[in-house]
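Thank you all for coming.

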Amino acid sequence: MANQDGVTRREFVTSATGAAVGALVAGQGAIAAVQAKRRYAIVGTGVRAIGMWGRPILRDYPDLVELVGLCDINPLRVEVAKRQMGATCPTYTNFDDMLTKAKPDVVMVTTVDAFHSQYLVRAMERGVDVMTEKPMVIDEMQCRAVLDAEKKTGRKIVVTHNYRYAPKHQKIKELLMGGEIGRITSVDFTWFLDTTHGADYFRRWHRLRAKSSSLWVHKASHHFDLVNWWIDGEPVQVSALGSLANYGKSGPFRHTNCRSCPHKDKCSFYWDINKSPNLVALYNDCESADGYQRDGCVFKEDIDIFDTMNAVVKYSNGVNMSYSVNTFMPVEGYYLAFNGTKGRLEVRDYERQAWDPGEETGMYVMKSFGKRIKIDVPPEGGEGHGGGDQRLRDLIFKKIDAPAHMRLPDSRAGAMSCLTGIAARKSIDEGRPIKIADLVKFA
Ligand SMILES: NC(=O)c1ccc[n+]([C@@H]2O[C@H](COP(=O)([O-])OP(=O)(O)OC[C@H]3O[C@@H](n4cnc5c(N)ncnc54)[C@H](O)[C@@H]3O)[C@@H](O)[C@H]2O)c1
């Protein structure tokens, strides 16, 4: 049977992203009717806007989506971004101006984290639905403002938590939902960021609490969202510890940025941005407008976030979690275990290291008083974050009818993923456990 665009269900599923999306929708009712082209505008035109949204929108969904405006405070970068996306729409440096002239149905927010909330609120006040990159907000005041605006205006917020859509993460969700380990009692979660990816956060705005809140929110909100979703719970209380042990003031020497650094021959973190013509065009060539150096020194004295973080989190359904993230590791990936009344689900994910780990993801269900069962981990199936980016875009733009647990994350999910990290940072600052209900009250 063909849908309104004359595409059969079979053609649609196979042409979407192949097996991964096919698996997502298998057995799940019909595809939602295809609607008229939706008008999308983007605010914040850095690499994420280009690679995750602008370019794929134009490449993969030309019949479903129209890109009607791009906005950034840097007038040079917004033009480079437009070129790198291959877009033809108008560009703006004033957000209100874009809303008035481009008349989008939906605004995608991909700015620096600290500014997500102001654009979400403004767009909703102007009657426009919004999608935002994580984190939705960086503190509890922003969280309240966004939730209030959503309630007042009746507009819709989608938080694009792409990690949920990696096939291996969906597999974990299904094993837990299937009761393989009984009732979940606790979670052990250890995330490793390596000397490439981890260091990159200390080169740019993420290094400042005022811009990112810290990696407790910028990075860990990914992980906290996964846990909330996996265990079907919400955080209640957080205790945390953190330090800046390797970057910032802890470094042996420093300079403004790598390009002009006198220490480049002896610095293990030296990074040559000139090897990437796209990054040179998007950042170096636009520095004159805002002073944003993409290759900033990881040992700058103004770095005020943590590089070493540990937390204990209590959840609404009685689950406890011990969590850590370290940012200068020889490995990228994670150790994850769910302990339950009938066993344990253990996962070791090897994303990047200088040796062959044998397998990329090892997943095992260990039955109490029983056997260890090796789980077949589904292949990535698509581009970006284990195929999650592509599957998420398909869900958003093709309006695939997904099962309830795979539907798009809403503002409550966005809030809960951020509030765990906001509470963790506050717990370190104040040296005490922080209750989520003391930050934001939910009905
Ligand atoms: N979900 C994911 O896996 C994922 C991955 C990468 C980035 N992100 C998120 O995407 C967002 C953008 O990240 P990025 O790596 O592209 O950063 P970036 O620094 O490359 O780009 C941010 C852009 O925002 C612009 N900007 C800064 N302040 C602004 C303001 N007040 N108004 C309008 N524009 C402003 C900057 O000029 C820049 O062009 C971040 O929120 C980040 O957390 C998510």
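Which atom of T111 lies 3.1 Å from an oxygen atom of the ligand? It is a backbone N or O atom of T111, and please bear in mind throughout that what you see here is a predicted model. The backbone also takes part at K134, where a polar backbone atom is 3.0 Å from an oxygen atom of the ligand, whereas at Y119 an N or O atom in the side chain is 2.6 Å from a nitrogen atom of the ligand. Taken alone, the ligand exposes 850 Å², and the protein buries 93% of that area. The elements that contribute two or more residues to the shell around the ligand are α3, spanning 47–60, and α6, spanning 116–125.

Looking at the shell as a whole, 26 residues surround the ligand, and the closest of them are D72, R77, D113, Y119 and Y283.

Let me now turn to the cysteines. A disulfide is a covalent bond between the sulfur atoms of two cysteines. With a cut-off of 2.5 Å between the sulfur atoms, the count in this model comes to zero disulfides. As for accessibility, C71 counts as buried because its relative accessibility is 2%, and C143 counts as buried at 0%.

Notes
Residues numbered from 1 in each chain as written. Predicted model: local features only at pLDDT ≥ 70, side-chain atom pairs only at ≥ 80, totals over all residues. Heavy atoms only, no water. Near = heavy atom within 4 Å. Polar contact = N/O pair within 3.5 Å; in protein donor to acceptor, adjacent residues only side chain to side chain. Areas by Shrake-Rupley, 256 points an atom, 1.4 Å probe, with all protein chains shown as cover. Helix = DSSP H or I, 4+ residues; strand = E, 2+ residues; numbered from the N terminus. Buried < 20%, exposed > 50% of the residue type's maximum accessible area, 1.4 Å probe, protein only.
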